[in-house]
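Trainee: Can we go through this one together? I'd like to look at the side-chain pairs and one of the helices.

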Amino acid sequence: MALVNENFLKLKAGYLFPEIGRRVSKYAAENPDAKIIRLGIGDVTEPLPAAVTEAMHKAVDEMATRASFRGYGPEQGYDFLRNAIAQNDFQSRGCNVSADEIFVSDGSKCDSGNILEIFGNDNVVAVTDPVYPVYVDTNVMAGRTGDADAAGRYAGLVYLPVTAENGFVPALPDRHVDLIYLCYPNNPTGTVATRETLQKWVDYARAEKAIIFFDAAYEAFITEPGVPHSIYEIEGAREVAIEFRSFSKTAGFTGTRCAFTVVPKGLKATTASGEAVELHGLWNRRQSTKFNGVPYVIQRGAEAVYSDAGKEQVRQLVSFYLENAAILSQGLRDAGLTVYGGVNAPYVWLKTPGNSTSWEFFDRLLSTAHLVGTPGSGFGASGEGYFRLSAFNSRANVEEAVRRIHTVLK
Ligand code: MLT
């Protein structure tokens, strides 16, 4: 008899976003006239920038002739893209990251889960709470936790609450941890980390010989000067941090799929007997064995994000969503709600009114305003009493969403 991986049986219900999708589909089927506006999952709505689609068209034509056709590409990504990333995202900000430390992939979600394969199962893992659920669920799948309690917290994980009470700044763990997930700009709270906060984390990781997984998928949405865009802007980060980046939200690649992970050379973890091992080599080995790279056409599209035209078009795209976030934030405040985020991130994080639970507010918005958001408790126990709205939608829908919220909360 084949045995299952019983760690999967510890997982709570469905993955958050499909679970929301299921509830919304059921509601839509029962209420076919409801004009539902979806501000739940952070999926982009605007088309790819013209510079990107032009580059993709050209690349498709290259694939159509024997002389320029390409088969398997390098598992790590083509040099043209790795060079463009290194120069534009890192070196131009003074970060010491070279092209061969960049691994192009089909998503930060995949990478942030897959990276666990190169780490031992006895590592103690710290996550902020609320948190992007992928970090938790992939550790559960890998067997790095016990069962969940009634609030959904898994035994063995170290949870670091981020709530209004602590200004959404996670305290350093009060015990030793080995792996730390940080996401800035933050999903779901839309808040950012200052340089001082990140320096504290890097110093902690150096002292504890821990590794930070730094998810910067929303980096392009940073508007305020002085906010770090990369963990590698922080002194000592190369010794302790792996960074995940994505073209999904920056350039509208949620369906197109392209992202990258930075594993600095010299970044090390140890064997149980204390021997230091380079993580770059292990990740390279993992990717070369299990991944055949992102399609050439897509990588050419991603490269175009760094052209002059691409940069300007991406800037406009990001500004458009940030204006949506500002309209949502202001509209919610005018309706008497307490609102966070939305300035350096496409997510608005709000306190649910009248002490309603996150799921109660979800049901109320869906049934009375035909509006979909994401319950804060779906991101972790400390997200209870909060709710996330995504700014990824058309202007008309965002304005209509604000009108409906006002009607409901009146
Ligand atoms: C979200 O809504 O949190 C994101 O879209 C999920 C993701 O990027 O996987």
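Mentor: Fine. Keep in mind that this is a predicted model. One place to begin is Tyr181, which is buried, with a relative accessible area of 2%.

Trainee: How many aromatic pairs does the structure hold?

Mentor: There are 27 aromatic pairs in the structure. Tyr135 and Tyr181 form one that is stacked, at 4.6 Å centre to centre and 15 degrees between the planes.

Trainee: Which parts does the pair of Tyr135 and Tyr181 tie together?

Mentor: Tyr135 is in helix α5 (residues 133–141) and Tyr181 in strand β5 (residues 179–183), so the pair connects parts 46 residues apart in sequence.

Trainee: And Tyr135, buried or exposed?

Mentor: Tyr135 has 1% relative accessibility, so it counts as buried.

Trainee: What about Phe247 and Phe253, stacked or tilted?

Mentor: That aromatic pair is tilted, with 5.7 Å centre to centre and 45 degrees between the planes. Phe247 and Phe253 are both buried.

Trainee: Which residues do ring pairs link into a cluster?

Mentor: Phe17, Phe168, Tyr340, Trp349, Phe379 and Tyr386 are linked into a cluster by ring pairs.

Trainee: Which ring does the charged end of Arg300 sit over?

Mentor: The ring of Phe80, with the charged end of Arg300 3.6 Å from its centre. Likewise, the charged end of Arg388 sits over the ring of Tyr347, 3.8 Å from the ring centre.

Trainee: OK, salt bridges. How many does a search of the whole structure find?

Mentor: The search finds 18 salt bridges. In one of them, Asp89 pairs with Arg245, and the closest N and O atoms are 3.7 Å apart.

Trainee: What about Glu117 and Lys290, how do their side chains meet?

Mentor: In a salt bridge, at 3.0 Å from N to O. Glu117 is in the loop between α4 (108–114) and β3 (125–129), and Lys290 is in helix α8 (residues 279–290), so the pair ties together parts 173 residues apart in sequence.

Trainee: And their accessibility? Buried, partly exposed or exposed?

Mentor: Glu117 is partly exposed, with a relative accessible area of 43%. Lys290 is exposed, with a relative accessible area of 53%.

Trainee: Which residue does Arg403 form a salt bridge with?

Mentor: Glu400, with the closest N and O atoms 3.2 Å apart. Arg403 and Glu400 are three residues apart in helix α12 (residues 395–409), so about one helical turn separates them. Glu400 counts as partly exposed at 25% relative accessibility.

Trainee: Which residues do salt bridges with shared partners join into one network?

Mentor: Asp89, Glu219, Glu243 and Arg245.

Trainee: Changing topic: α10. What span should the helix have, and what is the distance between its end C-alpha atoms?

Mentor: At 1.5 Å a residue, the 27 residues of α10 should span 39 Å, and the end C-alpha atoms are 39 Å apart, so the two agree.

Trainee: Which residues of α10 are buried?

Mentor: They include Val314, Leu317, Tyr321, Asn324, Leu328 and Ser329.

Trainee: Say a bit about Ser329. What does it touch?

Mentor: Ser329 is in helix α10 (residues 308–334), and at 4% relative accessibility it counts as buried. Leaving out residues up to four places away in sequence, Ser329 touches Val339, Gly341, Gly342 and Val348. By contrast, Ser329 and Val140 are 34 Å apart in space, C-alpha to C-alpha, and 189 residues apart in sequence.

Trainee: And just after α10, which residue takes a positive phi?

Mentor: Gly336, at about 95 degrees.

Notes: Residues numbered from 1 in each chain as written. Predicted model: local features only at pLDDT ≥ 70, side-chain atom pairs only at ≥ 80, totals over all residues. Heavy atoms only, no water. Phe/Tyr/Trp six-rings, centres within 6.5 Å; stacked < 30°, edge-to-face > 60°. Helix = DSSP H or I, 4+ residues; strand = E, 2+ residues; numbered from the N terminus. Buried < 20%, exposed > 50% of the residue type's maximum accessible area, 1.4 Å probe, protein only. Lys NZ or Arg CZ within 6 Å of the ring centre and 35° of its normal. Contact = heavy atoms within 4.5 Å. Expected span 1.5 Å × (residues − 1). Salt bridge = Lys/Arg side-chain N within 4 Å of Asp/Glu carboxyl O.
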